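User: I would like to learn how to read a few features of a model. Please take them one at a time.

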Amino acid sequence: MLLSSFAPPDLELLRPHLRPIALEHTKILHEAGEKISGVYFPFDAVISLVVLLEGGETVEAAMVGRDGAVGASAALDGKLALNRAIVQIGGHGAVCEPDAFKRVALDHPGMLSMIISHEQTVYGQAQQSAACNILHDLTARLCRWLLRARDLSGSDTLPLRRSFLRRCWVSGEPPFPRSRIRCKLQE
């Protein structure tokens, strides 16, 4: 939705630099401290932004899906990733070379403003996740997470694996029984 919300003239300038990409489950798009190689716009995929802890554990700070982009702010300044970006729910998207993205964004104030607003939203999401991790039990956090993943992917089917979820929860044990989860989301 971020990509489609750019003004038509701005999007037309960016379009020649966008390449379709298959975002495969568990693919790491960048590591913390690495130079980013692309600005990713997921269409139906979900990308987790995770923080690596000293003991090797990871904690999810935010999720980006069809509503946003991964790597946009890094492309504008510094080009270094602040966290690991890993595809959590595979799907499709577009990728743009960082320098091309920067050229178009810096020349178009409306587009730049939307990118800044998006990045503030991701920052706010990270703050909300931190608060939820302290205030809510695992079941409540899982419910919030599942609803967010559904919104970001645009699908009622979430192809998730226990091993991936386990890495996202500090406790090391996901908040659901060993049997397969079956959720029916009602409108």
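User: Where is His108 found?

Analyst: This is a predicted model, in which local features need pLDDT of at least 70 and side-chain atom pairs count only at pLDDT 80 or more, while totals for chains, interfaces and linings use all residues. Residues are numbered from 1 along each chain as its sequence is written, and side-chain values use heavy atoms, with hydrogens and water left out. Helices are DSSP runs of H or I with at least four residues, strands are runs of E with at least two, and both are numbered from the N terminus. His108 lies in the loop between helix H4 (98-106) and helix H5 (109-135).

User: Is His108 buried or exposed?

Analyst: Buried means under 20% relative accessible area, exposed over 50%, and partly exposed in between (1.4 Å probe, protein chains only). At 18%, His108 is buried.

User: Which residues does His108 touch?

Analyst: Contact means heavy atoms within 4.5 Å. Leaving out residues up to four places away in sequence, His108 touches Asp10 and Leu13.

User: Which residues of H6 are buried?

Analyst: They are Arg141, Leu142, Trp145, Leu146, Ala149, Leu152 and Ser153. These residues cover an arc of only 135° around the axis, so they are on the same side of H6; the arc is that of the directions from the helix axis to the C-beta atoms. Just after H6, Gly154 has a positive phi of about 75°.

User: Where is confidence lowest and highest in the protein chain?

Analyst: pLDDT is the predictor's confidence in each residue, from 0 to 100. Helix H7 (residues 162-168) is lowest, at a mean of 58, and strand E1 (residues 18-23) is highest, at 97. Where pLDDT is low, the predicted coordinates should not be read in detail.
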